[in-house]
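Here's a quick tour of a protein model for you.

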Amino acid sequence: MEFVRGEGVHFWDSCGRRYTDLSSQTMNTLLGQRHPAVTAAVGREMDNSTFSDQDFASPLHDGARDALASLLPPQLEVLNLRINDGSSAVECAVKQARRARGRGKILTIKGIYLGQNNLSIHMRGLGERPMDLLMGGSEDIVFAPIPLPDLSVPFEYADAENGQALSELIGIHADTLACVVLDPIMVSSGVFGGRGLASLLRRAAEACQRLKVPLIFDECQTFGWVPDFTLANHWDIPVDMMALGKGIAGGLPLAACASRPQFDNLDFGDADYTNGGHNLSVAACHATCQFISRSDELSRFRSVCEAMAGILEDEIGRRKGLLATRGVGLIRCIEMRPAFADPVAFCQALAKLLMERGIFVRTYGPCIGLKPPRIIEAEQIVDALGEVFAAVDDLNAGKASVRIEAPKPDFSKTTA
Ligand SMILES: Cc1ncc(COP(=O)(O)O)c(C=O)c1O
C-alpha cells in the first residue's frame, strides 16, 4: 500500500482507495491530516523563518510553551521544548531524575514501550532479542511484573493486586532508585485501562511521594486523546515529570519534557537537541494546543469519547469473539478471544481484512488498538466500528477473503 494523500481522518493510496485511519498513523496525528489550524500556522511560519537557535529569545517558542503548559498539571512549571522525539523526552526526564537523586536505578513495568533509543529499549525488559546485544546490559532497571493481556488475568481484577505489588517494589528499591517511569496506558501492550487503573497509578504515586522517589509519566501516547489532556490531570495524579511527544504538534516532529522546578537541573547541551523545537513544529504545537482547548471542541470531544466507549461496551459479550474493551478517551482496544483460533492470529487476520475494506487499525497481541484522530466525528466512529464488527463476524463465519493462519507448533517445548 502506498500512502499518497491525507485529509482529516482519511488517507488515500496510489489506486485512489480511501482509508479511515483508526490509528492516527503512528498514533501521532492528533488533529488528523492537514488540519486547517495546523496547516495555516505552519504556512505562516514558513513565510517567516526556517529555524532559530535556542541562544535567542523567541516569542514563537514562548507562546507555544505557554499554550502547552496551560494544558499540563500546574506543578510542572518547567518545559523543555527543544526535543524532537518521545524517546528523547523520556531520556531527558530520566537524566533529570538521576542528576537530582544522584542514583541510577529506574523502576518500570516489564514490556513497557518507551521508544527506540538505547535507554528506552533497556526499559522494555523483553530480553532474548538479538538487538539487546547491541544495547548492553540493563542492570540499572528494576521491572514490576504487571500482567500483560496475553496472561489470563482480566485487567479489572489484576489492578488492585498490581497496585499493591508496584508500591511494595518501590518501597524495596527506594534507596537506590533515581525514578519510577510509567506509561499510564501502555498502548503497545494492548492498552491498560481497566476500571482499577486510576487507583493502581495513585497507589504508585503515593508510594513515590512518601519515599521521595520522582515519578515520571510518559504521556507521549495519551496527550490530547484523553479528557483533561493528560491522564495525570484526568485522574489528579501528582507526577514530578512528564514526557510528551506524538500529538503535541498535531503530527509534526516535536517532543517535550515537563518538570517540577527542582528537576530543572541539566546543563546546556544535555537535552537540547539540534532542530529540537523546530520553528515549524513549534508553530504547529501552538495551533494544536489552542485548538484542543476551545470550549466547543472540548464538549464535542467528550461526546465523541462517550459514543466510542458506549458502542464498544455494548458489543462486548453480545458478539462472538470479543472478550473485553479497555481504554480512556479515544484510546481503546478490543481484546479478542475467538472460539476457533489463536487470538493473536485472529487479530492479524482482522487487521488485514479491515485494510482490504478501507479501515486502518493496529494489532497488539490479542488486541486491536483503536486511536483515531481527535477530530473524528461520532458518525464516522459509528461507521468505522460497524465495519470492524462486520469483519469480525465474517472471519468468525469463515466468509472473509483473509484466512487465519494456524499457530506455528512450538518445538522448543517438545521433550525428547
Ligand atoms: C508511550 C511511548 N513513549 C515514547 C515513545 C517514543 O516516541 P518516539 O517514537 O517519538 O521516539 C512512544 C512511541 O511510540 C510511545 O508510544
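Before we start, one term: two strands count as paired if DSSP finds at least two bridges between them. With that in hand, take β14 and β15 (residues 367-370): 3 bridges join them, and the two strands run antiparallel. Keep in mind that this is a predicted model.

**The sheet**

- β14 and β15 belong to an open sheet of 4 strands, and reading across it you get β11-β12-β15-β14, with antiparallel pairing.
- Ignoring direction, neighbouring strands here are turned by 25° against each other on average.

- Helix α11 (residues 295-315) lies across β11, β12 (331-336) and β15, and runs at about 10° to β12.
- Helix α13 (residues 378-396) packs on the sheet too, where it touches β11, β12 and β15.
- The direction of α13 makes about 10° with that of β12.

- The chain splits into domain 1, made of 3-34 + 295-396, and domain 2, which covers 36-292.
- Taken over C-alpha atoms, the centres of domain 1 and domain 2 are 25 Å apart.
- How many residues are in contact between the domains? It's 30 residues of domain 1 with 32 residues of domain 2.
- Together the two domains bury about 2,500 Å² between them, and carbon and sulfur atoms give 67% of that area.
- On the domain 1 side, L30, R326 and V328 supply 24% of the area buried against domain 2, which is more than any other three residues.
- Between domain 1 and domain 2 the count is 1 salt bridge.
- D228 forms a salt bridge with R302, with the closest N and O atoms 3.6 Å apart.

- The mean pLDDT of the chain is 90, and 90% of the residues reach 70 or more.
- Residues 148-157 are another story: pLDDT stays under 50 there, and the model has 22 contacts for this stretch beyond four places in sequence.

Methods:
Residues are numbered from 1 along each chain as its sequence is written. This is a predicted model: local features need pLDDT of at least 70, side-chain atom pairs count only at pLDDT 80 or more; totals for chains, interfaces and linings use all residues. Side-chain values use heavy atoms; hydrogens and water are left out. Axes are lines fitted to C-alpha atoms, for helices over the stretch in contact, and angles run from 0 to 180 degrees between N-to-C directions. Contact means heavy atoms within 4.5 Å. pLDDT is the predictor's confidence in each residue, from 0 to 100. Domain bounds come from an automatic or database domain assignment. Buried area is the accessible area (1.4 Å probe) that two parts lose on being put together, summed over both. A salt bridge is a side-chain nitrogen of Lys or Arg within 4 Å of a carboxyl oxygen of Asp or Glu.
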